[in-house]
Amino acid sequence: MAKESIDLQSDKGLHGQYKTWFMDYASYVILERAIPAIEDGLKPVQRRILHAMKEMDDGRFNKVANIIGQSMQYHPHGDASIGDALVNLGQKELLIDTQGNWGDVRTGDEAAAARYIEARPSKFALEVAFNAKTTEWQLSYDGRKQEPVTLPMKFPLLLAQGADGIAVGLSTKILPHNFIELCEASIKYLKGKKIELFPDFQTGGMIDVTNYNEGKRGGKVRVRAAIEELDKKTIVIRNVPYGVTTTSLMESIVKANDQGKIKIKKVTDATAKDVEVQVELAPGISPDITIDALYAFTDCEISISPNACIIIDQKPHFVSIQELLKVSTEKTKGLLQQELEIKLAELEDKWHYTSLEKIFFEEKIYKELEKKHETWEKVLDAIEKAFGPYKKQLKRPVAREDVLKLTDKPVRRIYKLDIDELNNQIKGIEADIKQVKHDLANLTDYAVAYFDSLIKKYGKGRERRTEVRLFDVIQAKQVAIANTKLYINRAEGFIGTGLKKDEYIFDCSDLDDIIVFTRRGMMKVVRVSDKAFIGKDILHAAVFQKNDERTTYNMIYVDGATGVSYGKRFNVTGITRDKEYDLTKGSDKSRVHYFTANPNGEAESVKIILSPNCTARNKEFDFYFEELDIKGRSSLGNQVTKYPIKTVKLKEEGRSTLAGRKLWFDSVYGRLNGEEKGEFLGTFEDDKILVIYQDGSYEITGTELTQRFESEKILLIEKFDPAKVITAIYLDNEKLQFNVKRFNIETTTLNIKFPFIKDGTGNRIEVVTTDEAPVLSLSTGRGTTLKTQKIKIADLVDVMGWKAVGNKLVDFSKSVEMAWYRKPGAASSQPELFK
């Protein structure tokens, strides 16, 4: 039997079949499963679930298993996909009222089985998502039932709920936004104002929207959990980032600990009504550095890349969040117009029939029914003819259907008919018609009122949960724990973590870079690795800090070509990793006589001993590095001697030749910095920082840049001067009075908060200063009773102990206002931010 031959490249062959089948499948997945429609913001399975729930709705809860069964009449993909989608909708707490254990998006707990949990459409869903008169219908997949093409959604649901979907060749990720803010944004758009929208998550947390890019492709947001320092040994995570559960968060923390990136004793999930994950720190570990490390190495901070892809006219489109809101708002406005037009038509029909009914009975046209006519048709003709004189009172002709409807009324209605009641009905209908026409003529105002009513009816409890703020950039190297030991073979020129038989030098992080110097005068920076070759005769190795302008290297070397020795001081701020840098004049025979690394620019003095065979008159002399300027690493240096050097010995340890470090406080991030960001605090050497908080406590801290400060709780931050007197006025909430006190800081313990006002609920600092002679501007009363006086506090109150209660200044009143008075141009000890 002859075999049939098929051309694989033809349309009937494998190539052609694959081409059409793949495209059909891809289109089906995109349109029918993964990507939401712009009209109602729903995927097909979600739309079918809501339609099925509306069909079943009688005001009571229904078993989810029953809802799944009802939905299967419309959705052909089985009960599992319907159940998952239904639980997902229920957990968003917007369109569905739930009863039973529906799981927890914060902890990752799953919902109970479908037979144990119940649901019904929420009042909000019934108002915004359903209207059979404005719904476009189509046949279900098996042709047995009618289902909506899209629901008539009068709300930007897609932006409220968000959406995730992976199709063939594309995906969508739209982040959820705040209910109230969406309604307000729609109102702003309708009024022609600029709109701005940022994501808001059920799980709370914080979000940096700097690169949100209106939710379009290429954008990115950073989301963080809120972390608090409970005490010096414990930190608490108060919420989780979007898409992260407490379980996965704890796993990421344990993994980071196992990898040596952080050091903790224990992590415990104490989540109940609110998220609470407690992290106990290992002894000697800084809470501030650990918080930064949690953001750098765990799921306490994640990045999310939005990708707003939706279906428009049966095709996928990539749009912005603003465009989505505008389309949704215009769609809502169109639906409201459609509903008003339908209502107007119904009211006009009602007015027409009620007017006919009034004339029918008032003018006794019903008596035509008692007359003897040959046929029923003639009776109807007679009634219709009897309306002739009254056609001017009507707005449209009398139709045969109107007459039939009148004749269907029971006879007993004739005797009980209240003509006045019909007149009142007509007046009410006319008032309604007038209002509907007014709303149609002022459709934008009507839509604004509609969104405003949504806020009033459903906005309670839907306030923003996610705080929008700027995040600082955490350098992983700066917060990584030293988790590995570094070894060195100086003679052979190797360095690495695997050289355990050689000399141990220090602990470091596996993220660190190591800077190394050799006797030849070469410098190289390498990443921490198992084993790396640098060059023979290694002199010095240390962790490299990029842009470090304080660490200064002092070096004396001999130029191999000329025999002249040079001395130089230099910084290393930026390099190319794994590149060799020659610190000498370039001769292969050059050698380093003396080398030191000085973290604060110290400049020592050394004794130089020349070769005894040289012709120099003085065979020994002192050399002072402080006489050299600090230059770049490529500088040749200053000539020390042209004679051969036998040895160089340290004569005297040096002192720092650098000025103190200038520090600024950046209130946006709550960080100290040396980049001139924020308020200038001063020049620091061994100085400390004073911080005074709103709750009436002070703290003395060091100048480490890794510290974190809660800016919103700080009233004053400045360079600490023990001689300065602190003047504070605080509210004694128990006695309802303001007290004033002046005191010196007497404690010396660092990083401990000391309360210095009377303990009590509601007590707080009103104003505080370290000015030498503070003058208070105190205002009491309002309007005609307003009094303002200037009080020299130093003349009124003596300096007392820091634990003293203080003296009464004035009784508490909401009309009391106070601030420190300063002459124009006078300097303040308090940063402008905290005035």
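Contact here means heavy atoms within 4.5 Å, and helices (H or I, at least four residues) and strands (E, at least two) are DSSP runs, numbered from the N terminus. This is a predicted model, in which local features need pLDDT of at least 70 and side-chain atom pairs count only at pLDDT 80 or more, while totals for chains, interfaces and linings use all residues. Residues are numbered from 1 along each chain as its sequence is written, and side-chain values use heavy atoms, with hydrogens and water left out.

Helix packing comes first. Helix H7 (residues 179-190) meets helix H15 (residues 443-458) through Phe179, Ile180, Cys183, Glu184, Ser186, Ile187 and Leu190, which touch Thr444, Ala447, Val448, Phe451, Asp452, Leu454, Ile455 and Tyr458 on the H15 side. Sorted by class, that contact has eleven nonpolar, two polar and two charged residues (Ala, Val, Leu, Ile, Met, Phe, Trp, Tyr, Cys and Pro count as nonpolar, Asp, Glu, Lys and Arg as charged, and the others, Gly among them, as polar). The two axes come within 9 Å and cross at roughly 165°; axes are lines fitted to C-alpha atoms, for helices over the stretch in contact, and angles run from 0 to 180 degrees between N-to-C directions.

Helix H11 (residues 376-386) and helix H12 (residues 400-407) make another pair, with axes 10 Å apart and an angle of about 105°, so they sit roughly perpendicular to each other. H11 brings Trp376, Glu377, Leu380, Asp381, Ile383 and Glu384 to this contact, and H12 brings Arg400, Val403, Leu404 and Thr407. Here the tally is five nonpolar, one polar and four charged residues.

Now for the sheets. Four strands form an open sheet in the order E10-E11-E13-E12, with antiparallel pairing (two strands pair if DSSP finds at least two bridges between them). Strand E10 (227-231) and strand E12 (264-269) are the edges, each pairing on one side only, and the twist averages 20° from one strand to the next. E12 is joined to strand E13 (residues 277-281) by five bridges, and aspartate 269 has valine 277 as its bridge partner. Two helices lie across this sheet's strands: helix H8 (residues 246-258) covers strand E11 (234-237), E12 and E13 and runs at about 175° to E12, whereas helix H9 (residues 287-297) lies across E10, E11 and E13, at about 150° to E10.

Further along, strand E44 (residues 775-780) and strand E45 (residues 787-792) run antiparallel, with six bridges between them. Threonine 780 stands opposite lysine 787, and six residues separate the strands of this hairpin, where glycine 781 takes a positive phi near 80°.

Valine 740 belongs to strand E41 (residues 737-743) and counts as buried, because its relative accessibility is 1% (buried means under 20% relative accessible area, exposed over 50%, partly exposed in between, with a 1.4 Å probe and protein chains only). Leaving aside residues up to four places away in sequence, valine 740 touches Ala728, Ile729, Ile793, Val797, Gly806, Asn807 and Leu809. Its C-alpha atom is 6.3 Å from that of lysine 808, 68 residues apart along the chain.

Most residues other than glycine have a negative phi. Aspartate 537 has a positive phi, near 60°, in the loop between strand E23 (532-533) and strand E24 (538-543), and is partly exposed at 43%. Asparagine 547 also has a phi near 60°; this residue is in the loop between E24 and strand E25 (552-558) and is exposed, at 56%.

Notes: Parallel < 35°, antiparallel > 145°, perpendicular 65-115°, else oblique.
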